[in-house]
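Hi everyone, thanks for coming.

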Amino acid sequence: MFSTDIAESVTKIAVALVPMLLGMVCHEVAHGWVAYKLGDPTAKSHGRLTLNPVPHIDPMGTAMFVLTALTSPFVIGWAKPVPVDARWFNNPRKGMILVSAAGPITNFILAILFGVAFAFVAQNGPTAGSVYSYGYDFLYKMCIAGVWINLTLGWFNLMPFPPLDGSNILAGLLPPRLAYKFQGISRYGFFIIMLLLATGFLGKIISPLIQGSAGLIQQLISII
């Protein structure tokens, strides 16, 4: 029984690993790439405009991925934030909105791509005894995980709690004085997020958003 539980846990992590790594890395690269296009070379100079996951890995974010993959109905994790210097932007407030939005938008695009891949896999089942048949179930589950994980990353990061992307977007939309006061709570942001996760309140907020987005992707796939 114990060995079976371990095998199931390892399988669950393995299925989620590629979508999670891809989602986190592409999320951070998108931030850095948009910042670079807006004139900020900071992420590029730090070697962060790469799909190699090693420079992006955050130990705490990785531990959270493993924990939620084993215990939670949705998987959460994060990479090291890409360094951005808004002083390079012609319009710092607008620039930070664009940079911050780039990460979640990238996750939504990845969710759609995983949805398309899922439709292809589902419509092209393996023949008995073929090499493809041995990896089919894993690939099938990985595509499903890719949709849900990237939708979770997208909506999670859009929440208006520092240091998540949503807080930067909100700060850019608020009047400067209110934005300054709002950013003052950033020192407590991590603890707020952990509290919301621990109490399940954050899950209640984003679960309907994830479910609704998954339904839209399903509808989109059905007409492709």
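When I say that two residues touch, I mean that they have heavy atoms within 4.5 Å. And please keep in mind that this is a predicted model.

Leaving aside residues up to four places away in sequence, I217 touches A111, I112, G115, V147 and L151.

Now the helices. Helix 5 covers residues 131–157 and helix 9 covers residues 201–223; their axes come within 9 Å and cross at roughly 130°. That angle is why helix 5 counts as oblique to helix 9. As for handedness, the crossing of these two helices is right-handed.

Who is in that contact? Sorted by class, the contact of helix 5 with helix 9 has eleven nonpolar residues, three polar ones and no charged ones.

Some of these names come back in the largest nonpolar core, which has 18 residues. L151, F156, L202 and I217 are the ones with the most contacts inside that core. Which elements give two or more residues to this core? They are helix 4 (92–123), helix 5, helix 8 (189–199) and helix 9. Helix 9 provides the largest share, with six residues.

Finally, there is a second, separate core of eleven residues, and among them are V15, M20, F65 and A145.

Definitions and conventions:
Residues are numbered from 1 along each chain as its sequence is written. This is a predicted model: local features need pLDDT of at least 70, side-chain atom pairs count only at pLDDT 80 or more; totals for chains, interfaces and linings use all residues. Side-chain values use heavy atoms; hydrogens and water are left out. Axes are lines fitted to C-alpha atoms, for helices over the stretch in contact, and angles run from 0 to 180 degrees between N-to-C directions. Helices (H or I, at least four residues) and strands (E, at least two) are DSSP runs, numbered from the N terminus. Angles under 35 degrees count as roughly parallel, over 145 as roughly antiparallel, 65 to 115 as roughly perpendicular and the rest as oblique. A crossing is left-handed if the near helix is turned anticlockwise from the far one by less than a right angle, and right-handed if clockwise. Ala, Val, Leu, Ile, Met, Phe, Trp, Tyr, Cys and Pro count as nonpolar, Asp, Glu, Lys and Arg as charged, and the others, Gly among them, as polar. A nonpolar core is a set of buried Ala, Val, Leu, Ile, Met, Phe, Trp, Tyr and Cys residues joined through side-chain atoms within 4.5 Å. Buried means under 20% relative accessible area, exposed over 50%, partly exposed in between (1.4 Å probe, protein chains only).
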